[in-house]
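The sequence and structure are shown first.

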Amino acid sequence: MPFIFQDFETQSDADLTITGSLKYVLDVSTRALLWSWGIDNDPIKLWCPDLSDELVPEVWAYVKGRMAAVGDCPAEVVEALKQPDTYIVGWNEPFDFKVWRQVVVPDHNWPDIQLEQSLDAMAQAQASNLPGSLDFAGRALGLGTKTIGGKAIMKRFADRAQPLPGSRADIESLMAAGRTREQAVATAIASWELYLDYSVQDTELLREVWQCTRPLDATEWEEYWAFEKINDRGMLADLDVCAGAAAYHEQEMQSVVEQVQQITKGAIVGPTFSAKINEWIYDRLPDDLAEFMVKKRDDEGYVTNLTGDKNIMTRLLEEIQASDSPPDDDVIDLIEVLQFGRSSSALKYQKILNQAVDGRLCNSYVFNGAGQTGRGSSRGVMVHNLPRAFLESELDILDMIASGAPIERIREIGPVSSVLSKLIRPTFIAPEKKLLVWGDWAAIEARVNPWLADSRDAETTVLEPFRNGEDLYILNAEPIYNIPADVIRERLENGDPEAKAMRQASKVATLALGFLGSVGALKAMARSYNIRFSNEEAKLIVDGWRDRNRWARRFGDKCEAAAFSAMRHPMNVYPAGKLKYQYLPDLMGGTLVCFLPDGRPITYPMAKIVKLEKFGKMTDTITYLNGMGRKSMWNGLQVENGTQATAASILRQTLVRLEKEEKEAETVLHTHDEVGAEVPEASARAYADRLHETMVRGFDWTEGLPLAADISMAWWYTKNPPKH
């Protein structure tokens, strides 16, 4: 099974960081300038197009002398590709794959390749808990660092607006600056030498990282290809809405600048001066409220670092409302202006405009992007993190935005940035004569967690009620408020607002406490639902939930015990519910592995048992490599990782199943608990039924897991779909 390790270097008038990869490779100015490759463990070689007409003879002679091939695809690569089991491996391979298919195939008549021939070294590294940066992944593994100045030289060569080093224009420019022709040529050759050396280093490093990390198996690569097929399809966006929203955002930002200057009487000139804003607000808050902004103090107690992030400002506004000594109105005004006017969500509209190809936003999803759990993430517009809040009249407002109504009409609805952020989701639409049909797994983590615990009390307390269609949030509210569940249910059916608040509090507790969190976790989760608990209320809720769900702590303790046993007895396997732990001393400096029910491993590289202070005493603690640093393991984290990774496996394998089974529908979107497709209008209802069946069917390894899904259907992507 030959592996071709590869890395393309390109040159373009387009800016990849703005356009995204698909629009970049499709730009007429984009060309492949260099390719480094190596088959298996052979030395890394170089290819470039014929540049004899662009470079002066001396520079071209040097460049050509470094090349193993020029113009045509190297013969050994052509031969390797004829073998059915040859794979091409790159770092962030989806980009190099697009360069191959969209640039060198048409420009240089290279042999075409298929998606199923490509593998991503970055995805494999992130599955091993390494950073997504090749340089940082190499450093984390102790494989060395790249050449100093390499990134700068890559940027210099990539910009087609500048003359190519060694071109006639470049030599003439250097000579005009006072260098002799001989010096100018020497400078150009030195630039090429650094450029070529850096490219070789990149490919060598990605090969080393690939060989050091846990190999993904065939099932995982099949899931990767499913992700990339969805990436290639993209989601259709209403570009008229995007253009209108981007214009409103620009107007609003100018208004915010003026308001900040007015409120602070010119002390702060704009909302981007975070340090000055933090100091201005901090100095005007009473001491008890000011403490929320303190991030760090020195040994003498003096404040050395303040924070004014969105969560802190939201909490400040909540505390100000309940405070007996609130700050002056100008402080409250500034916080509110910044909260609503400094939102980054509205910037997504411009990103959609920058990256859309034929109206579609492609390449949004990153396989294994969330690290070791195998959950996906997103890039660019960050479609995994679209706001959940919605506006009741969103279609009317979308029409208003697309038509360019005066911004004052948007302000009548609410703060402009807040309104725009709630409309990003419904900006994605179905093509003409099609509908979007999407499914949302109901409370999937709340189901997976007790199922993984594999205990009698988890079964009776959580899983059986789910199977029987009971409302788990009402059942959990009973011990919290010491009111029978039947009474809460009856009061809820009669529209009692107090009963509704009880159920909502129980829902927040179920979501927040399953991973063994306490008051802090509960209050943080509550804030995301615009709910505020006092410490006393939070403690009451935590105690009540824990009393009914004692299985959760027991499961966490089993996970912790299994991990320590595995660390102390290498190669032996120790179960914890449906999870299994094993320590592999020869993998990545000693790796603790947690095997999921489907057999997929999640890894904790360079794991060690060390003594750390916890609750005032030195305690044995497992630490492991996490990105570029080390992280301490605790039982709540183990439960969270196992639960989220298992839910990710369900999503990933469902995407593969849909790719194989569905012919009419094309999957175009997914999040951690959601998957959706474009479907012809005539068959949308039938597909909705099939999607529901597919999502709850489960797999041979999910026996006993009571999956449930809610299906929605509309021509726009909304959190408030019409009822059918």
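## Accessibility of the Glu-408 and Arg-411 pair

Glu-408 has a relative accessibility of 46% and therefore counts as partly exposed (buried means under 20% relative accessible area, exposed over 50%, partly exposed in between, with a 1.4 Å probe and protein chains only). Arg-411, at 34%, is also classed as partly exposed.

Glu-408 forms a salt bridge with Arg-411, their closest N and O atoms lying 3.9 Å apart; the term denotes a side-chain nitrogen of Lys or Arg within 4 Å of a carboxyl oxygen of Asp or Glu. Both residues belong to helix α19 (residues 407-413), three residues apart, about one turn of the helix; helices (H or I, at least four residues) are DSSP runs numbered from the N terminus. A network of salt bridges links Glu-252, Glu-408 and Arg-411.

## Basis of the model

The model is predicted: local features need pLDDT of at least 70 and side-chain atom pairs count only at pLDDT 80 or more, whereas totals for chains, interfaces and linings use all residues. Residues are numbered from 1 along each chain as its sequence is written, and side-chain values use heavy atoms, with hydrogens and water left out.

## Further salt bridges

The whole structure contains 33 salt bridges. One of them joins Glu-498 to Arg-491, with the closest N and O atoms 2.7 Å apart. Glu-498 is partly exposed at 48%, and Arg-491 is partly exposed at 23%.

Asp-620 and Lys-611 also meet through their side chains in a salt bridge, at 3.1 Å from N to O. Here Asp-620 is partly exposed at 29%, whereas Lys-611 is exposed at 52%.

Terms used: Helix = DSSP H or I, 4+ residues; strand = E, 2+ residues; numbered from the N terminus.
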